[in-house]
Every structure is written in structure tokens, then in C-alpha cells.
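Please read the following report with the sequence and the model side by side.

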Amino acid sequence: MTFLLNCWYLAAWTADVPVGGHLFRRIAGKPLIIARDSAGLLSALLDRCPHRFVPLSRGQIRDDKIVCAYHGIAFDLKGRCIANPHGAITSALTVPGFVVTERHHAIWVWLGDADKADPASIMDLSLMDSLPDTAQNFGYELIQANYQLCADNILDLSHADYLHPDSLGGGATTRAKQSVEETPEALTVKWLAKDDVIPPALDGIMREKGQPGDVHISVRWQAPSVMMINFGADRPHAAEPDRAETWGIHVMVPIDDKSTHYFFWTGRDKFWDADFNELVRQMTTNAFVNEDKPLLEAQQANLGDGNFEDLQPALLTIDNASVRARRRLKTMIEAETV
Amino acid sequence: MTFLLNCWYLAAWTADVPVGGHLFRRIAGKPLIIARDSAGLLSALLDRCPHRFVPLSRGQIRDDKIVCAYHGIAFDLKGRCIANPHGAITSALTVPGFVVTERHHAIWVWLGDADKADPASIMDLSLMDSLPDTAQNFGYELIQANYQLCADNILDLSHADYLHPDSLGGGATTRAKQSVEETPEALTVKWLAKDDVIPPALDGIMREKGQPGDVHISVRWQAPSVMMINFGADRPHAAEPDRAETWGIHVMVPIDDKSTHYFFWTGRDKFWDADFNELVRQMTTNAFVNEDKPLLEAQQANLGDGNFEDLQPALLTIDNASVRARRRLKTMIEAETV
Amino acid sequence: MTFLLNCWYLAAWTADVPVGGHLFRRIAGKPLIIARDSAGLLSALLDRCPHRFVPLSRGQIRDDKIVCAYHGIAFDLKGRCIANPHGAITSALTVPGFVVTERHHAIWVWLGDADKADPASIMDLSLMDSLPDTAQNFGYELIQANYQLCADNILDLSHADYLHPDSLGGGATTRAKQSVEETPEALTVKWLAKDDVIPPALDGIMREKGQPGDVHISVRWQAPSVMMINFGADRPHAAEPDRAETWGIHVMVPIDDKSTHYFFWTGRDKFWDADFNELVRQMTTNAFVNEDKPLLEAQQANLGDGNFEDLQPALLTIDNASVRARRRLKTMIEAETV
């Protein structure tokens, strides 16, 4: 499988790589070390010594350098050899590195042409900064399914009415009017359900409970699969204003063609105490780990080595956004591989 | 590996799918749901929603319909869409189905051309109906070996003298005169050993114990691998008539090229009490699970990805039936794939 | 992967196959039974009955014959059929055998052309015979890495300074002058470090501890991967003679392209008591199992299905011997496959 290279892949949440720390992560088939030096500067290196190809992550990574476990060759965190006990330092003794940057509590790597790497093209997730820590939850799950199947799942949120009836569902998304907008940078899908059932997860943070209202949802997608969700409700005719807004960030990062790093985040505009935040974390994790994950993995298993599109799925209007996003991504990948 | 499609595959024993029940079974590479509606009518459907290809078996299957877990699309048990919450019901929203029928306490599916499916071509196993429940045992085992290796095993029962010396063996089959008969529908192999050692499993249900007699065995085979065994003994010169007849049904259904659903059944003409039946069940299971299964799986492992016939096995006269059955099956498969 | 056939593969240590005993071992993709008859004569047979290809090792191997578990066909330990209960003994009923010989406490098999098998070409390991049992240790480990990666590891012993700093390392090998000599039969790499740190494992058996001295190491390699190591130290200016010599035998035998039978042996010229020998055994096993093995397996995993040489490793002078050995072996394999 060919992956898009000229794009930002979320490699880790900021908190996962403290000053002086590092982690290993395979992205789009490449084994990577994501490290942060003592001055806080990030780097992303291929986790493979250029001499014998052993993983550098088996060696010592500290004091802003990496010493290979096998023959003691040392590298700085930019991948430049700084000590070769066995002879001259040559250009062959360089560890390939990748552009890395940090934005919105996340670390992003660019696997393609470094000249094209513009951090400004990372989706604007600055909303995260406006919320207190106790109104946010960060998550990660490894999913044994292709990242595009995971992306399709969010680009058609009508599935929540069936797969998550007790939390995110309720029928409003299915009944909603759906629209898709495209710009050169992004694709946005919106659902608006007037005077409909407010999903339990929103209803719980409304002023009045169990009353109908208007439900609005949007998903903004950027290639390859970074998504920002807004999931809210409003009762425009209530005696007192009664609104709720929640947000989700879902980023699917391919490990290989059948497994995915799935990063997710949720935030909301009220109920900012730590106990409630913990309840939200549990509900979100339950929906994701016990409902989405097994279904996505069963879907992948049912495809086997077959390609989803080649098997000619029955297309419905609810697939409008995912079909367009797949087409855009395919065009981008083809443009790179010419 | 190419499998025969225009044939009856045993999918389940009747008792495995009660009214309103269903089970999942992969046959010849295809994931299937075998379901029985509230009126008792059977159906066999591909276990794959035509929309997103998730397994339908993850959804709700009750009240004679299947509701997909992912987007709530509903199908009747014939595979016709009966509800699409997301738009029109189109012909694309059809779950492929297969001809299914029930005979002789078993459910049979036909994966090929429906027009050719004739239940009359299922082997006559009506003998099962003439025996009380306590003279019969039904079994199933998943074998990690190709179904043809499993079939060869029964088509040459001389192996019992070596692999099952304490139950089915004793040497008579090896010493017996063997013959093979073929008709357009079936192949039958027979062994007759005069005045020989009666195998322990037969001797135990004879009037006198430990005395020699005539042992007769036959295996009737129909493609792809449905077999009926008769295994009996007689002492024609005994003071009082002293005979024993037992029967076995062995059906090997390919899951893929290296694993097999193995259905087996045994019956006998006497000793019809439940306690003895349980003893027979234990003996049969022991022989099959502890003797045949490990050997067949070691044989498969030794072949690796190699094809048994291509490796040029040394052919003996005892392989007469299995060689002919393989040849017939090969011809049938080739005729389908032209 | 193509393996060299006209060569001696170490199949087992002598002690592993007692009189009347046998073992199973897969070498270069071939499943083998190594057996020793009641007169002490060795044989090596393909572990596959010529009739149905089941493993002969599942049958009875005793009294100098093998009886197949499946149909009772019997073979002598040369692979000749000696009993066929089902008909004539034909030449097809022969188990392929391989030339096998025993030298230097080890059993060696030759998978290629029997006419070319000359035991004199086995590396001279007669040194083993000059040492008492309590100055020797025999080992075996299964490594999930290609045998050439394992061989490279010994052909560049500078790795000990980094991977085994507390036992075999200390820096002397890295600082040493290295030379490589080639003859038609063998390749030898030598390291000599004058007035350097004596590695802990040698220092422990010197007269004085913690003093510098001359460290000398040599590895003699013969294709495909049989190696004899001499690892010693000398203090030429000491008041009393203060020398230590140790030897190692390392033999890497391919199972398949990603796993290896790794046989190892160590010996030394002093400290010949059993307790000290046990300490050496523990130290060696620790270095091998906890340091070399995980590194070699991580190296293999990092290569995936890639070929080490095709990935263009950065070559250092320390790789001189391994590059030459790989080139020699490649030439030999190509000569066989023409």
C-alpha cells in the first residue's frame, strides 16, 4: 500500500514526549524515534542504525544523543554521527530524519519532501487552548484496521444512531439534512436536525433533560485523515438559553495497510469539573473501545486482502463525504507517485 | 485453491440451528450465516453487509430479520433489504444468498449455480432415521489440514490397524481383500476379511468376545467429500447368530485450503442404551481427536505450501480409492472453472 | 532463499543423540531425523514417509527401525523399506537420506551431492579433545534471525565492547589492529591490542587482576558458517608468566531464511574445576541469550522482508571480514545453482 508522504502525521500527543524523553512509533511503514532534547527541541529519526540496521531505540537515548547498542556509534538527535569508535565519520553514517513540529498539544511528522513541509497546513485545532484541562480528554488506541476504514467511520456519523444508541445516537443524525462542502484545503460534512431527539451525551449537559431540540454536527477533514468534529444542540424556543457544544478531534495514522494509530480528543463548553471529565472519558473510551474498535476490526477481517473499493460496496447518500475524501486522497497519492 | 461450487456442503447439524436461531460458518472461503426463521425455514446468506462489508453476524438477527450493527440497514432472511434508514431500497442493497436444504439431520448449502441444486443428489443417509437417539452420536471438529487429506484418511481405512490399534484396528483391514466400485454418483470401496481378528470396537458388541470372524467394511464416497461407512463383523459358523453392524458418516467441508470442518456421526445396530452410547462417544472422540487429528495436522504441516500430488507420493494399492476420488473431484472442479 | 547444499551443517552435539536415540531437526528448510542405531552408527533421513508424507518422527523409532504411525510401513535407518504390510516393497518406498558423520563431539550432515562429501573438510576442532569436560561448555539456542546476520556478529567481535561490556568487552577489540587472511578453505580475522584493557572474562583467569596486557583474538570461518574463536591475553612483562587462552566454537545453521540453530561451545586453558565451569556457562549463556539474541532478532525484525545487502548498509573497516565471508558464500551458492 502506498501512503501519502507530503502531509502531517500526528505522531504523539505533546505529553507523551517530555523534555529529554522519546518514544518509538511506526508510521506509514517507517519505524521512527520521536525524541525531545534537553532544550525541548523535537526530532524524528528513522529507528535504524545506518551501519547494521539494528533499532536505535535498543541503544541509549539520553543527554541529547543516541548511542547504538551494537557498536557504540553515536548520533545527535538530528541524526548526524558524532562519534564512530571504529573509524572516520562519513556521510554514510547518517540517520535519516524527518521534519517534525508541534502544534495544538500534538507532535506532527512530515515523511515527504522537507521543502514542502509547512506547519501552517496543519488543521487549526487552537480551540483546544481555550478550554481548561478538566474539559478535555486525550486518547489513543491501536486499531487492527486500515486507516481509511477508520476515517470513513467518522465521515459518516449516522453510524452513531446504531452503534452508539445510548451515548451519541438517538436517530437525529439519520434524520438530519446532510451537506458536504469542499475547499482546496479541506472537506466539511454537516448534519442539521431540527426539533429532533437530542443524543444522550449532549442531553446530559443541557439545562433541561429529555426535551427535543435542534442538533447540529460537522466534521472537517484534511488529508490524509485529520478530523475536527463539532457536535452540539440548541433549544431555540426554550425560556432560558439552552445550548451545548462539544468537540472531537480524531486522527487516524496508518501503521501499515491493516493497522492504525488512532488518536482522539474530546472537549466541551461546560461542566468543567474533573469528576465529570472522568465520566466523559469513560463514556468516550467505552464507545470507542467496545463499539467502534471491534466493528472496524471485523470489517477489516471480512475484507481480508481485498480492497474495499474494488469489492464494489453499495453506495448510499450517507457515504457522500467518505467517497469524496477517498477520491481526494487517492488523487494526492497518485500525484506523489508519478 | 479452487473449490467445487456445484455440490452440497454440510453446513451444520440440524440441532445446531434451532427455530429462530443462526450460526456463522466459513465454507470454501465464504463467510456464511445459516439461519432458521420462526416458521422453521432455513436460509444461507453471505455474512457481509453490501454497504460497508461488516459481518452481518455482528448485528441483530431475530424476528426473521437481520439488522446491521453499523447503520441499521435491515434485511429479511432471504437477503432482501426491508429497511434502509438512509434512503431508497435499491437492488444493490441485497445480501447474496445460497440454496440451502435440510436432509438427514443436517443442513446443506449449495454455493454454485442455484438452478443445478437438486436435493436428491445428497447422499442417502436415511439409515439415521431408523436408529434411536441413544444409538447415535453426532460430532464436529475443526482440523488444521486440507479437506482432501482428511478424505483420503477415510478412503483408506487400513490406517486404523496402525493409528487406532485399540479400537478400530487389529489387522483385519490390512489383510482384507479390497475392491473399488464406481458409478456416476459415487465411489465405493470395500474390504472383506474372512476368519480374521474382529476389531475391538466391534468385538465389544458381539455375543462372544475374542473370537475370530468375518470383518466387512465399506465406504461410500460422493463428491466433494461426503462418506458413509459400514463397519461390521459376522461369525457365520457360531452356534447362535453373532453379528454386529456399525455405521459412520464423515463429511469434510473445506474452510480454506488448510483447514476443514469435520462432521462425524456414528450409529450401531445394538446396545442402544444411553450409557453405552456415551462410552462409544468417548471412544470415537478419543480416536478422532487424539489419533487422527494430530496426524492429519502434522501431515499438512509437513507439506507446507506444497501440493500433495505434485510431491509424487509413493502409491500403494491401498490408495486406490483415494486416488480415484481425487481424480473425480479434480475433473469436476476443472469442468466448473473452464 | 537458496542455501548452500555441498557443505557440512552441524545437526546436533554428539551427546544429543545417544546410542538408540534420535532427534528431529529442520535444516535449510528440510525436516530431518538424526538417529543413531544400536551399534552406534548414525543416519540422517528426511522426516517424511514417502507414502503419505506424514512425519516419520510421529511413529516408532526403535530397534534400529522406523515404523510409520499412519500405515505401519517400516524402514531401516538407511531409509530402505523393510516391511510394507500393504504390498510389495518398491523403490518408491525409500526415505531420502543424507550423508552424516561425526567429528569433534558433533554430528554433521551434508545435504548436497553425496560424492562430494569429504569429512576432512570439516573444520579442525580437535582442540576440544585436549580439554577436560570441566573446561568445556556446550550450548544451543534457536535464534529468530537469518544465519548470516548471526555470522556477521562473530566476524566483527568489536561489538563485544558495546553489547557485552561487563564480560567480553572493555574496548580492546575496538582499539585493536585488525587483519583478515583468506585461504581457499577458510577466512581468518585477527585483532591484536597491545598494552590494553584485558576484558573481564579473561582478566578473571589471569594471575594478576585489573592490569593491562596484550589482547589477541582470532576467528576462523569456514562456509557456510562454522567458526572457531581464540580469545586470549598475555602480560609479556609480568614478573611471572601471566597468560590466558579461551576458545569458542560458534556454528550457525539455517532453519529457514529467518531462523537459525545456533550451536556454541567454549573452552579455556585453566581453571578446570566444575564450579568455575558452571560460572562460565552462566556468563556465556547470559551474554548470548540476554544480549546477542534480542539484538539479532530486533535487527531481523527491522529488516522485515528486506535483504540486508540490498538496503546498502554503511560499511566500516570492522565489516571487512563479514563482507568477504558473505561474498565467498554467495559465490559458492551461485556455483551450485547454475
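In chain C of this predicted model, C:Pro224 is found in the loop that runs between β14 (213–222) and β15 (226–234) of chain C. A corresponding description can be given for chain B, where B:Pro224 lies in the loop between β14 (213–222) and β15 (226–234) of chain B, and where the peptide bond from B:Ala223 to B:Pro224 is cis with omega near 0°.

B:Gln312 belongs to the loop between α5 (274–303) and α6 (320–337) of chain B.

**How the chains are related**

Which rotation brings chain C onto chain A? Chain C is superposed on chain A by a rotation of 120° with 0.2 Å of shift along its axis, and the RMSD is 0.1 Å. This is the relation of a three-fold axis. Within chain C, the C-alpha nearest the axis belongs to C:Asp305, which stands 11 Å from it.

For chain B, a rotation of 120° with 0.0 Å of shift along its axis gives the superposition on chain A, with an RMSD of 0.1 Å. In chain B the C-alpha nearest the axis is that of B:Asp305, at 11 Å from it.

| Interface | Feature | Value |
|---|---|---|
| Chain B and chain A | Residues in contact | 21 residues from chain B, 27 residues from chain A |
| Chain C and chain A | Residues in contact | 26 residues of chain C, 21 residues of chain A |
| Chain B and chain A | Buried area | about 2000 Å², 59% from carbon and sulfur atoms |
| Chain C and chain A | Buried area | about 2000 Å², 59% from carbon and sulfur atoms |

On the chain B side of its interface with chain A, the residues that lose the most area to chain A are B:Arg52, B:Phe53 and B:Tyr70, which together account for 37% of what that side buries. B:Arg52 also takes part in a salt bridge, its side chain meeting that of A:Asp152 with an N to O distance of 2.7 Å. The count of salt bridges between chain B and chain A is one. Nine residue pairs are in polar contact across the interface of chain B and chain A, both residues having pLDDT of 80 or more. The side of chain B that touches chain A is made up of eleven nonpolar, five polar and five charged residues.

How many salt bridges are found across the interface of chain C and chain A? There is one salt bridge across this interface, and C:Asp152 forms a salt bridge with A:Arg52, with the closest N and O atoms 2.7 Å apart. Between chain C and chain A, nine residue pairs are in polar contact, with both residues at pLDDT 80 or more. The elements that give two or more residues to the side of chain C that touches chain A are α1 (147–155), α2 (160–163) and α5 (274–303) of chain C. Of the contributions to this side, that of α5(C) is the most, with seven residues. Divided by class, the side of chain C that touches chain A holds 14 nonpolar, nine polar and three charged residues.

**Aromatic pairs and salt bridges over all chains**

Over all chains, the structure holds 30 aromatic pairs. A:Phe53 and C:Phe308 form an edge-to-face pair, with 5.4 Å from centre to centre and 65° between the planes. This pair crosses between chains, since A:Phe53 is in the loop between β4 (42–46) and β5 (60–62) of chain A, while C:Phe308 is in the loop between α5 and α6 (320–337) of chain C.

The structure also holds 57 salt bridges over all chains. Within chain A, the side chains of A:Glu297 and A:Lys293 meet in a salt bridge, at 3.1 Å from N to O. Because A:Glu297 and A:Lys293 are four residues apart in helix α5 (residues 274–303) of chain A, about one helical turn separates them.

Methods. Residues numbered from 1 in each chain as written. Chains lettered and ligands numbered in written order. Predicted model: local features only at pLDDT ≥ 70, side-chain atom pairs only at ≥ 80, totals over all residues. Heavy atoms only, no water. Least-squares fit on C-alpha atoms with pLDDT ≥ 70 in both. Contact = heavy atoms within 4.5 Å. Buried area = accessible area lost by both parts, 1.4 Å probe. Salt bridge = Lys/Arg side-chain N within 4 Å of Asp/Glu carboxyl O. Polar contact = N/O pair within 3.5 Å; in protein donor to acceptor, adjacent residues only side chain to side chain. Nonpolar A, V, L, I, M, F, W, Y, C, P; charged D, E, K, R; others polar. Phe/Tyr/Trp six-rings, centres within 6.5 Å; stacked < 30°, edge-to-face > 60°.
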